[in-house]
Structure formats: C-alpha cells, structure tokens
Amino acid sequence: MDKVMRMSSEKGVVIFTKSSCCLSYAVQVLFQDLGVIPKIHEIDKDPECREIEKALMRLGCSKPVPAVFIGGKLVGSTNEVMSMHLSSSLVPLVKPYIC
C-alpha cells in the first residue's frame, strides 16, 4: 500500500491503468482534453501488479483500474470521474494541474 500511496502522489493527477483497458484509455483522453497531462502507471507492466491491484481495492476502488488520484487523493474509477465531469465538478478539481 505504501508503494501505491507514493506513486499516487508523484504528480497532481495520477491514473493507474492496464495497457489493454479501454476504460483506462477513455479516462486518460478525458484528462488530456481538459488540458491535464496525468502521470500514467500501467500496472500490468509492473512486477508487483497483483499487490498494486490489492492495494487499490483496499483503498476503495470498486475495480483496480482505472484508478484516478487527484492531489494524492483517490477520486475513483471511470464512473466517478465521468459523473464528476458531467456535473461540472471535475474541472475545478483539476484546474491547478492544467498545463
């Protein structure tokens, strides 16, 4: 869990993904369209993939990926991020991280 917390604080917006996950890709594109360049961690390329998945689940992710952290805090997965975007609450949250 320490590794996940350290990784999630590396940048303002951090997304844990798997390289083959289309929902992870959609979330990445959303942030890029908003002008945010997130730090991407493709956990399937990490030798500790299973431990990272378990840690993300313990932190409250309903699914291990995509897991989005903003300002070091877990926001959630695709459903939470898209809901925030549709309710116009995502942009104010990421505004400090827009390039």
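Visitor: I take buried to mean under 20% relative accessible area, exposed over 50% and partly exposed in between, with a 1.4 Å probe and protein chains only. On that scale, is Phe 69 buried or exposed?

Guide: Phe 69 is buried, with a relative accessible area of 1%. Before going on, please note that this is a predicted model, in which local features need pLDDT of at least 70 and side-chain atom pairs count only at pLDDT 80 or more, while totals for chains, interfaces and linings use all residues. Residues are numbered from 1 along each chain as its sequence is written, and side-chain values use heavy atoms, with hydrogens and water left out.

Visitor: How many aromatic pairs are there, then?

Guide: The structure holds one aromatic pair, where pairing requires the ring centres of Phe, Tyr or Trp (its six-membered ring) to lie within 6.5 Å, and planes under 30 degrees apart count as stacked, over 60 as edge-to-face and the rest as tilted. Phe 16 belongs to strand S1 and Phe 69 to strand S3, so the pair ties together parts that are 53 residues apart in sequence. Helices (H or I, at least four residues) and strands (E, at least two) are DSSP runs, numbered from the N terminus.

Visitor: And Phe 16, buried or exposed?

Guide: Phe 16 is buried, at a relative accessible area of 0%. Thr 17, also found in strand S1, counts as buried at 0% relative accessibility.

Visitor: What is Thr 17 in contact with?

Guide: Taking contact as heavy atoms within 4.5 Å, and leaving aside neighbours within four places in sequence, Thr 17 touches Ser 24, Gln 28, Ile 40, His 41, Glu 42, Ile 43, Asp 44 and Val 65.

Visitor: Switching to H2, which of its residues are buried?

Guide: In H2 the buried residues are Ser 24, Val 27, Gln 28, Leu 30 and Phe 31. They cover an arc of only 160° around the axis, which puts them on the same side of H2; the arc is that of the directions from the helix axis to the C-beta atoms. On the other side of H2, Cys 22, Tyr 25 and Asp 33 are exposed.

Visitor: What does that buried side pack against?

Guide: The buried residues of H2 pack against strands S1 (13–17), S2 (39–42) and S3 (67–70), and against helices H4 (78–86) and H5 (90–94). Leu 30, for example, is in contact with Val 81, Met 82, His 85 and Leu 90, once its neighbours within four places in sequence are left aside.

Visitor: How far does H2 reach, and what follows it?

Guide: H2 (residues 22–33) has twelve residues and reaches 16 Å from its first C-alpha to its last, close to the 16 Å expected at 1.5 Å a residue, where the expected span is 1.5 Å times one less than the number of residues. It is followed by Gly 35, whose phi is positive, near 90°.

Visitor: Where else does a glycine take a positive phi?

Guide: Gly 71 takes a positive phi near 60° in the hairpin of S3 and S4, which has two residues between the strands. Those strands run antiparallel, and three bridges join S3 to S4 (residues 73–76), given that two strands pair if DSSP finds at least two bridges between them. Ile 70 has Lys 73 in S4 as its bridge partner.

Visitor: Now salt bridges: how many?

Guide: A search of the whole structure finds five, each defined as a side-chain nitrogen of Lys or Arg within 4 Å of a carboxyl oxygen of Asp or Glu. In one of them, the side chains of Asp 46 and Lys 3 meet at 3.0 Å, N to O. Asp 46 lies in the loop between S2 and helix H3 (49–59) and Lys 3 in helix H1 (residues 2–8), so this pair ties together parts 43 residues apart in sequence.

Visitor: Which partners does Glu 53 have?

Guide: Glu 53 forms a salt bridge with Lys 18, the closest N and O atoms being 2.3 Å apart. That pair links distant parts of the chain, with Glu 53 in helix H3 and Lys 18 in the loop between S1 and H2, 35 residues apart. Glu 53 also forms a salt bridge with Arg 50, at 3.0 Å between the closest N and O atoms; these two are three residues apart in helix H3, and are separated by about one helical turn.
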